[in-house]
Amino acid sequence: MTDVFVLDAVRTPFGRYGGALSGVRPDDLAAHVLRALGERQDLDPELVDEVVLGDANGAGEDNRNVARMATLLAGWPTSVPGSTVNRLCGSGLDAAIQASRQIAVGEASVAVAGGVESMSRAPWVLPKPGKAFPNGNETLYSTALGWRMVNPRMPGKWTVSLGESTELLAQRYGIGREQQDEFALRSHRAAAKAWEEGFYDDHVVPVEGTELRRDEGVRPDTSPEKLAKLKAVFRADGTVTAGNASPLSDGASAVLLADRAGADRIGATPLARIAGRGAAGVDPDVFGIGPVRAAELALKRAGIGWGDLTAVELNEAFAAQSLACLADWPDLDPGIVNVHGGAIAIGHPLGASGGRILGTLAHQLRRKGGGWGLAAICIGVGQGLAVVLEA
């Protein structure tokens with residue numbers, strides 16, 4: 001197998017639901033990060049063998065293969081192919097895994113991966129009726145997040161909301177409200193500090209026509225007292241709140257991948273090498289622990305252990321979900337996890353998040369001057385993905 005390298009990674013600032021990026025179409029967001037990546041590397045797009053983008057919804061303006069639409073809107077040659085993948089919350093990381101495999105087996109030399117989501121602009125959908133002229137009312141479904149038009153054959157315990165599933169995990173692992181709020185507070189403080197120290201300045205690319213320069217969801221002024229005042233959302237006596245869960249978000253990410261020959265043609269110095277990949281499935285009602293087995297597989301395939309890691313990016317769908325994963329990784333130092341903030345503060349635009357955590361990890365390893373890193377993400381309906389990088 002050919003070695004695959006991360007050459008560069010960019011993303012937009014992540015916007016709040018209905019916020020600063022809600023006026024931008026998802027295909028335009030995706031085109032923006034492709035152009036930005038190309039301009040940073042003075043990349044001739046003719047060199048790109050494949051574009052693979054993740055997109056979890058695809059029901060609105062991101063329809064008809066948003067990866068292909070993005071390459072066309074970016075002004076790249078029509079000869080550059082594009083493919084859109086959907087593994088829900090893990091779509092962006094899956095895009096990077098799939099693109100890297102094409103390079104590893106010699107079917108591509110240079111590829112761009114990443115993802116996009118505008119949860120603000122995700123439309124309402126109306127199913128076609130089973131017969132003409134139906135009596136009664138029809139139901140509109142929001143495509144922004146979660147189950148819709150559920151198959152009646154699907155066991156009910158598997159189709160609970162993501163929040164209820166997280167309550168189940170909190171119960172199983174004994175994770176209380178205070179612990180979750182502390183985790184959320186750390187996420188906001190770490191993200192705010194990272195922005196103040198300039199960590200994100202060199203690879204977060206603002207979207208033209210908007211005034212957003214930083215992630216819109218970061219709340220540097222939050223406090224334990226403010227978080228404690230928020231009501232539980234999914235159970236009257238529950239622990240999951242809007243404060244210790246990731247928000248609905250808008251944004252896009254892009255990662256430039258290549259083999260050694262491709263890196264030489266571009267003239268880029270690799271940030272890191274993709275050393276291991278892992279995918280795993282779990283029961284849908286405990287989707288949040290999906291990263292546990294996926295990470296173990298990726299580490300094994302990379303030939304390293306938990307003690308070798310110097311940085312970890314774990315997507316924070318919920319605080320309790322992240323804490324459950326950490327509980328199942330007793331050999332991992334929690335102090336190296338999400339040191340620049342996580343999705344609770346930064347946001348979680350589903351298709352883009354995998355590209356964000358992989359790109360953040362690569363840039364962090366470069367700044368550290370080397371080492372091993374892990375990017376891992378949980379996925380609705382019970383899956384997890386993980387990638388190991390070596391800088």
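A residue is called buried when its relative accessible area is under 20%, exposed when over 50% and partly exposed in between (1.4 Å probe, protein chains only). The model is predicted: local features need pLDDT of at least 70 and side-chain atom pairs count only at pLDDT 80 or more, while totals for chains, interfaces and linings use all residues. Residues are numbered from 1 along each chain as its sequence is written, and side-chain values use heavy atoms, with hydrogens and water left out.

**Annotated site**

An unreviewed UniProt entry gives the annotation "active site" to Cys89, His348 and Cys378. They span 290 residues in sequence, yet no two of their C-alpha atoms are more than 11.6 Å apart, so they gather at one spot. Such annotations may be inferred rather than shown by experiment.

Cys378 lies in strand 11 (residues 372-379); strands (E, at least two residues) and helices (H or I, at least four) are DSSP runs, numbered from the N terminus. With 1% relative accessibility, Cys378 is buried. Beyond its neighbours within four places in sequence, Cys378 is in contact (heavy atoms within 4.5 Å) with residues including Cys89, Phe287 and Gln321. His348 sits in the loop between helix 10 and helix 11 and is also buried, at 5% relative accessibility. Not counting residues up to four places away, His348 touches Cys89, Met119 and Asn315, among others.

**Helix 5**

Helix 5 (residues 177-196) has 20 residues, which at 1.5 Å a residue should span 28 Å; its end C-alpha atoms are 29 Å apart, which agrees. The expected span is 1.5 Å times one less than the number of residues. Among its buried residues are Phe183, Leu185, His188 and Trp195. Their cover includes strand 1 (5-11), helix 4 (162-173) and helix 9 (319-327). Just after helix 5, Gly198 has a positive phi of about 85°.

**Cavities**

On a 1 Å grid over the protein atoms alone, a cavity is a set of points where a 1.4 Å probe fits but cannot get out, and lining residues have an atom within 4 Å of a point. A volume is the space filled by probe spheres set on the points, which are joined across faces, edges and corners. The structure holds two cavities of 30 Å³ or more.

| Cavity | Volume | Some lining residues |
|---|---|---|
| Largest cavity | about 60 Å³ | including Pro26, Asn57, Glu117 and Arg121 |
| Second largest cavity | about 50 Å³ | including Ala9, His203, Ala254 and Arg356 |

Helix 11 (350-368) gives the most to the lining of the second largest cavity, four residues.

Key. 1 Å grid on protein atoms, 1.4 Å probe; cavity = no way out; pocket = protein on both sides within 12 Å on 5 of 7 lines; lining within 4 Å.
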